[in-house]
Amino acid sequence: MATQDDDNVARIPDPDVEPSPAELAHARRFAELVDKTLSGRTPPAMSADDRALLEVATVIRATHGAVELAASKQRAAVEDALRQAIGASPAGGGSVTPIARAHTRMRRAPWIVAGTTTLVAAAAIAMLWLRTSGGAGRGNPVARRAVPEEWTSRPADSLVGPIARDHAGDAGARIDAIFADRLDGFRTRRLARKGKP
Amino acid sequence: MASEPATTVELELEVEQRLVEEAQQGNLDAMRPILERYAAPLYGTVILPRLGDAASAEEVLRDTLATAVEKIRRFTWQGKTIYPWLRQIAINKVYDVHRQSKRSRRLADAMVHEVAVESDPASHADAQLIADQERRAHRDRIDETMQQLQERYRSAIELRLIQELSREDCARRLGVTIGTFDVLLFRAVRAFRKHFGERAELPATGDT
Amino acid sequence: MKSVILGLSFAVATSLAACVACSGERDASPPPATRVADPSEVIDQDLMIALAQAKNFHHKSKVYMTDGNLTAATASVRQILSLHFPTGAPEADDVRNDARALLAKLLMSQGQLDEAMRTIDEGLAPSQRESFFVANLYTVQGEIHEARAAAFDAAGEAGKTSGIDERRAAIRSYDRSIQINERLQKKLLEER
């Protein structure tokens with residue numbers, strides 16, 4: 001883990017050399033950082049030098065299998081990855097017909113356009129008949145479909161869950177999850193409305 | 001003549017291939033069992049030993065898995081596990097992290113020369129073997145560096161970071177006060193970092 | 001060409017007739033049985049933009065933290081508090097409270113305990129809804145009280161009483177956090 005400040009690192013004193021007060025304080029601070037890390041409570045912020053030393057310590061521990069990813073974090077990483085990737089890929093198999101091809105179709109069979117529009121109008125009339133003649137159930141008010149919850153702006157509590165003390169400062173990870181979740185809903189809603197906001 | 005029963009590895013490979021094909025046909029959720037299987041070795045043997053920071057390693061793992069799902073259509077099945085492909089994505093992501101940080105740019109440059117841990121394609125070696133090889137390679141590097149330290153520094157690292165004994169126990173075993181042990185560990189890790197960093201700048205020798 | 005025009009005219013006429021009839025029917029119908037969400041409650045572009053910006057500031061802050069530049073990291077997180085969210089969006093409170101928690105921790109790591117406490121207080125004061133994010137603010141508040149207690153302890157006998165007071169305050173903060181978490185978890189389980 002070579003760092004730029006390695007150039008400033010003087011020769012490391014021998015074990016028996018008396019430490020200066022500054023070195024003693026720094027060593028004590030580092031010892032507390034190691035303590036917290038070993039109990040899973042790494043502070044989110046520290047000096048660059050301390051961070052570099054802690055990374056070295058983590059590399060040594062990880063190589064000896066002492067640092068494992070908790071099962072819950074593993075699951076969360078997999079879920080996040082799938083949510084992010086599935087949200088990014090286009091839903092459904094709808095194909096876009098090039099405009100030129102559509103025009104060609106129209107030239108060859110102009111009656112198709114008129115016929116389709118007539119069918120749509122006929123369907124609207126049929127729906128109207130069904131409603132007024134009680135086809136959908138006499139006396140029952142038409143229940144307009146409520147908007148799915150995932151399309152709505154809402155508190156993020158159910159997504160995030162209780163925040164453990166060790167993760168009090170992990171706002172960065174949580175905003176990623178909130179953004180990915182809301183993006184899902186935003187895209188699905190747009191697709192359902194065929195691209196209209 | 002009755003055919004030989006498939007070995008466990010071959011069966012697992014077959015299942016993995018089917019899942020990959022399903023994902024490539026559009027059912028991205030088919031990637032879930034694959035990601036769940038390889039998340040831990042990717043984190044423990046590929047990402048964390050190269051980053052050293054658990055929080056960054058978790059983020060890189062998430063990015064790696066997301067990229068793998070997004071780009072699964074570009075993957076071509078070659079009769080061996082998908083793990084080497086996932087591993088390469090992870091290494092590239094780690095490299096990007098180091099490049100972004102001026103602090104560890106030298107390490108990023110050293111990683112460019114890193115020789116990939118490859119298994120013999122003909123042997124259908126599974127991900128476990130690759131992960132074990134990688135773990136051994138990392139440990140060899142760590143052990144080599146440890147040998148360059150003074151004995152008391154080596155002991156401080158072994159007791160505190162590998163055996164994870166408390167500071168009090170470590171101090172007692174070395175026959176020093178807790179304050180003195182703190183200084184020993186501090187100097188030991190600084191010395192390790194210095195020697196390890198020097199080693200990272202050496203060109204790869206081709207061993208894994 | 002004539003057949004196209006005829007067909008289109010017929011189609012338009014019947015569509016119009018259908019629409020007129022439909023609107024008449026709508027006026028006479030009773031209100032819908034299920035509530036339809038107000039358009040302002042759906043996830044819109046403004047919300048997505050605000051969330052994307054918050055995400056970017058967090059990532060920027062993380063890069064600064066990795067480089068050890070705590071001042072720039074703090075400034076980056078602080079910018080999240082100034083982002084514009086759609087009025088009434090619950091995500092706004094959650095994202096801002098989360099940013100406050102991180103901001104307070106960054107300030108603590110730089111020894112600015114009073115500023116850290118002010119950051120937390122400014123988040124708790126306007127909060128009208130209990131959330132895991134509000135509970136988290138109380139957790140960080142407890143940590144600040146503990147840090148203050150440690151500072152008083154270091155001052156020796158002179159700071160002893162204040163140290164005890166700060167530790168009691170820490171316990172109260174942690175208790176608040178636990179109570180909010182418990183209430184909210186119960187509520188969420190009941191809603192499922």
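**Local and chain-level features of the predicted model**

Glu91(C) is buried, at a relative accessible area of 1% (buried means under 20%, exposed over 50% and partly exposed in between, with a 1.4 Å probe and protein chains only). The structure is a predicted model, in which local features need pLDDT of at least 70 and side-chain atom pairs count only at pLDDT 80 or more, while totals for chains, interfaces and linings use all residues. Residues are numbered from 1 along each chain as its sequence is written, chains are lettered from A and ligands numbered from 1 in the order in which they are written, and side-chain values use heavy atoms, with hydrogens and water left out.

Glu91(C) belongs to helix H4 (residues 90-109) of chain C; helices (H or I, at least four residues) and strands (E, at least two) are DSSP runs numbered from the N terminus. Leaving aside residues up to four places away in sequence, Glu91(C) touches Thr152(A), Ser153(A), Arg154(A), Ile178(A) and Arg182(A), together with Leu47(C) and Leu51(C) (contact means heavy atoms within 4.5 Å).

Chain C contains 7 helices and 0 strands, and its pattern along the sequence is α-α-α-α-α-α-α. Of its 192 residues, 43% are buried. Among contacts in chain C with a separation of 6 or more, 63% join residues 24 or more positions apart. The accessible surface of chain C is about 10400 Å², and carbon and sulfur atoms account for 56% of that area (Shrake-Rupley method, 1.4 Å probe).

In chain A, the axes of helix H1 (residues 21-38) and helix H2 (residues 48-63) come within 11 Å and cross at roughly 45 degrees. Axes are lines fitted to C-alpha atoms, for helices over the stretch in contact, and angles run from 0 to 180 degrees between N-to-C directions. H1(A) and H2(A) are therefore oblique to each other (under 35 degrees counts as roughly parallel, over 145 as roughly antiparallel, 65 to 115 as roughly perpendicular and the rest as oblique). Residues of H1(A), including His26(A), Phe30(A) and Leu33(A), meet residues of H2(A), among them Asp49(A), Leu53(A) and Arg61(A). The residues of this contact between H1(A) and H2(A) comprise 6 nonpolar, 2 polar and 4 charged (Ala, Val, Leu, Ile, Met, Phe, Trp, Tyr, Cys and Pro count as nonpolar, Asp, Glu, Lys and Arg as charged, and the others, Gly among them, as polar).

In chain B, Glu164(B) is located in the loop between helix H7 (151-162) and helix H8 (167-174). Glu164(B) is not a glycine, yet has a positive phi of about 55 degrees. Its relative accessibility is 32%, so Glu164(B) counts as partly exposed.
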